[in-house]
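The following paragraphs guide a new reader through one protein structure. Please keep the sequence and the model in view while reading.

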Amino acid sequence: MGGGCCPPMDLFRSEPMQLVQLIVPIESAHLTVSYLGDLGLLQFKDLNADKSPFQRTYAAQIKKCGEMARKLRFFKEQILKAGLPLSVKSTELATKDVDDLETKLGELEAELIEMNANGEKLQRTYNELVEYKLVLQKAGEFFHSAQRSATSQQRDSDLNNDGEESIDTPLLEHEISADSKQVKLGFFTGLVPREKSMAFERILFRATRGNLFLKQAVLEEPVVDPVSGEKVEKNVFVVFYSGERAKVKILKICEAFGANRYPFHEESYKQAQLITEVTGRIAELKTTIDAGLSHKENLLQSIANQYEQWNSLVRKEKSVYHTLNMLSMDVTKKCLVGEAWSPVFAAKQIQEALQRAAFDSNSQVDAIFQVLNTKELPPTYFRTNKFNAAIQEIVDAYGVAKYQEANPAVLTIVTFPFLFAVMFGDWGHGICILFSALILISLEKKLSGQKLGDITEMAFGGRYVIMMMAIFSIYTGLIYNEFFSVPFELFGRSAYACRDLSCKDSTTVGLIKVGPTYPFGVDPVWHGSRSELPFLNSLKMKMSILIGVSQMNLGIIMSFFNALFFKNSINVWFQFIPQMIFLNSLFGYLSFLIVLKWVTGSKADLYHIMIYMFLSPTDELGENELFAGQKNVQIALVLLALVAVPWMLLPKPFLLKKQHEERHQGQTYIPLESSEDTLQVEASHGSHGHGDEFEFSEVFVHQLIHTIEFVLGSVSNTASYLRLWALSLAHSELSSVFYEKVLILAWGFHNPLIIVVGIIVFIFATVGVLLVMETLSAFLHALRLHWVEYQNKFYEGDGYKFHPYSFSAVAEEDE
């Protein structure tokens, strides 16, 4: 039971709603909407729907909030990039004023952007110096080796000559050397990506027609490219050329291939000086970069500690201005006028929030709260808890209940897990599912604040439904007497025994009753006998029909309560009564015969009785007669069923037409009905054209379709409930196959390895097929039976959900 301001929770009818008008002074409007967002019990109507977002009063403030949200997203990217956690601790906000927060965020963003730019420059310079050092080392090695080779060759040449001219000495050597000009060779050094090095060499060779000399050295470790910032495998190159044209071509090719060039000196002492200088600069830059990263990390950590609070404040601020934009400006430009739906019980809380906002904002004028009369259909609001919320979501997935329409979720809380269990009856499997559900429930506090995967989130949201399904599965499993398909004598000994040893494997004909009837569920002696399948088939098929007819009757009875609530006598007399007569004249009678046959132990053929009830109603029943006067009763039931069809079809459209004419003829003289009565009449008749226009042909066709749908649906819906029998049988047989053909078969080999393999296969088959696939299959079939066979008897489901303005909902949407 609820206490205080709120009435007891009532799921059967949605909360009574009212349309209220709020007139709020401009100076207290922001604080008022903020307090109402904390309350979360008002659904505002957009009174500026004809205006674009840019024409609304608070467009500039929303733009400002959007800019702050962009800065916060930038901070989040930087924090995650740095590998820092976002703090979820609730710390006191240092900045609660939005204008101060905007200034602070702007300063932080500017500082962070500057730090990033400086860091990138320093890192690029550092990477260039690292590359330069590698070039100096590798190219220096090449020049040193070349000089050593030249010196060695010169020494060998001098030793061979000994001042004498050999036969190989050119005749004109002195003349040529005296007259010719010395050729000056230029060179470039740098790095080129290894994957491009071969193409780079070929292009250089072709561009200069072979007038160059290229030397490459492979770097053992990848280096960070200064431009891209990524690690790349590179080669150091030295290219010698002659002439200005070759130089221009080589420069363009280096640029095209992304080859980084660096200056280099031929003299050894200058190379050594450069290496020392570059090494020193690298050490200095490394220290500077580390200091910058440390400073940046401290800044990001301070942002991360307050990120959630800032983000929450900006989200709330933006939602407040979005809501203020739904309010219209008063002609005096001093007040904002808003309209909103709210539950009736919330009126006192809303007025208290308005008074508190006026006081806290030092407003000289209090906000005005008044209830408006309207013919508009209110939204539907059911207050749910964590136990029944999942069932309500299942019902709402079919369609949201019309305002104060009977809510199917009340009975679905019980009927849904029960129908699931009828198809999934095995108390061993039920215990496994119950264990899984209890684990999810025990981890409720831990998992509720985390982001889960789609499947896990779905299972966690329906944890209480899964628990109910498991409990009912244990109950039906005890009735079926199946524990992983194995029967147990839990409630006493079997009522039957064998006359001789041979009857055990042949048939139940050889069994004799030696004790009292097994007290609860199926006698274990049936399992494993030849007549097990025919017996369980008959039992489950008839049980499915009984359950189906009962639930369909329940659906029609729910339509009666709807008609009573909305004071719609036409639906009582010309919908509820003929539907009850038609359904029970056929399938209610069949259910009665099933129970009677069980009670009397008769061998009457129910198929024969139902078929010839229509084909030859006057024929004698003979051995199929279950009670005296059965033939006359069947004739009367057939006549009642035939009468019920025109009873549903014809009177209602004419009576609706008559009501419409009376209402419009007398509207000038008869006082207006109260808004509540008008609302109820329109809510119940809106689909039949009870507006300013009434199309009789449209109403008649609608009623014709409804009648045909119900008559044909009575047959098809009853047949549809046979899925309870089919899936229950399939589950039982699959479980039996896994037990006998996997576990028992492996056990019979008396080989430890085969037994272990058999147990593993049995476990995986049971979990994968029976506990996952069969659970999903039974769930979907139970869902279909509720949506189609049960809810279509009374549930219109064409309402719309109550979506109050609430900061908690804003936070969930953001996540």
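With which side chain does the side chain of Lys-234 make a polar contact of 2.8 Å? In this predicted model, the partner is the side chain of Glu-131. The side chain of Lys-234 is also joined to that of Asp-225 by a polar contact of 2.5 Å. Lys-234 belongs to strand E7, which covers residues 234–241. Its relative accessibility is 0%, and Lys-234 therefore counts as buried. Beyond its neighbours within four places in sequence, Lys-234 is in contact with several residues, among them Leu-191, Val-192, Pro-193 and Asn-260.

Attention may now turn to the salt bridges. Side chains of opposite charge can pair when their charged atoms come close. Across the whole structure, a search finds 20 salt bridges. One of the pairs consists of Asp-46 and Arg-56, whose closest N and O atoms are 3.0 Å apart. Both residues lie in the loop between strand E2 (43–44) and helix H2 (59–81), 10 residues apart. Asp-46 is partly exposed because its relative accessibility is 33%, whereas Arg-56, at 15%, counts as buried.

Another salt bridge is formed by the side chains of Asp-798 and Lys-402, with an N to O distance of 3.9 Å. Asp-798 is in the loop between H23 and helix H24 (807–814), and Lys-402 is in the loop between helix H9 (389–398) and helix H10 (409–423), so this pair ties together parts that are 396 residues apart in sequence. With a relative accessible area of 45%, Asp-798 is partly exposed; Lys-402, at 6% relative accessibility, counts as buried.

The side chains of Glu-444 and Arg-463 likewise meet in a salt bridge, at 2.9 Å from N to O. Since Glu-444 lies in helix H12 (residues 444–448) and Arg-463 in helix H14 (residues 463–480), the pair ties together parts that are 19 residues apart in sequence. Glu-444 is buried, with a relative accessible area of 13%, and Arg-463 counts as buried at 9% relative accessibility. Elsewhere, Lys-45, Glu-339 and Glu-376 are linked in a network of salt bridges.

Trp-747, Ile-759, Ile-763, Val-767, Val-772 and Met-773 make a nonpolar surface patch of about 590 Å². Helix H23 (residues 752–790) gives the most to this patch, contributing five residues. Met-773 lies in that helix and is exposed, with a relative accessible area of 55%.

Methods: Residues numbered from 1 in each chain as written. Predicted model: local features only at pLDDT ≥ 70, side-chain atom pairs only at ≥ 80, totals over all residues. Heavy atoms only, no water. Helix = DSSP H or I, 4+ residues; strand = E, 2+ residues; numbered from the N terminus. Buried < 20%, exposed > 50% of the residue type's maximum accessible area, 1.4 Å probe, protein only. Polar contact = N/O pair within 3.5 Å; in protein donor to acceptor, adjacent residues only side chain to side chain. Contact = heavy atoms within 4.5 Å. Patch = residues over 30% accessible without salt bridge, like charges linked within 9 Å, V, L, I, M, F, W, Y side chains within 5 Å. Areas by Shrake-Rupley, 256 points an atom, 1.4 Å probe, with all protein chains shown as cover. Salt bridge = Lys/Arg side-chain N within 4 Å of Asp/Glu carboxyl O.
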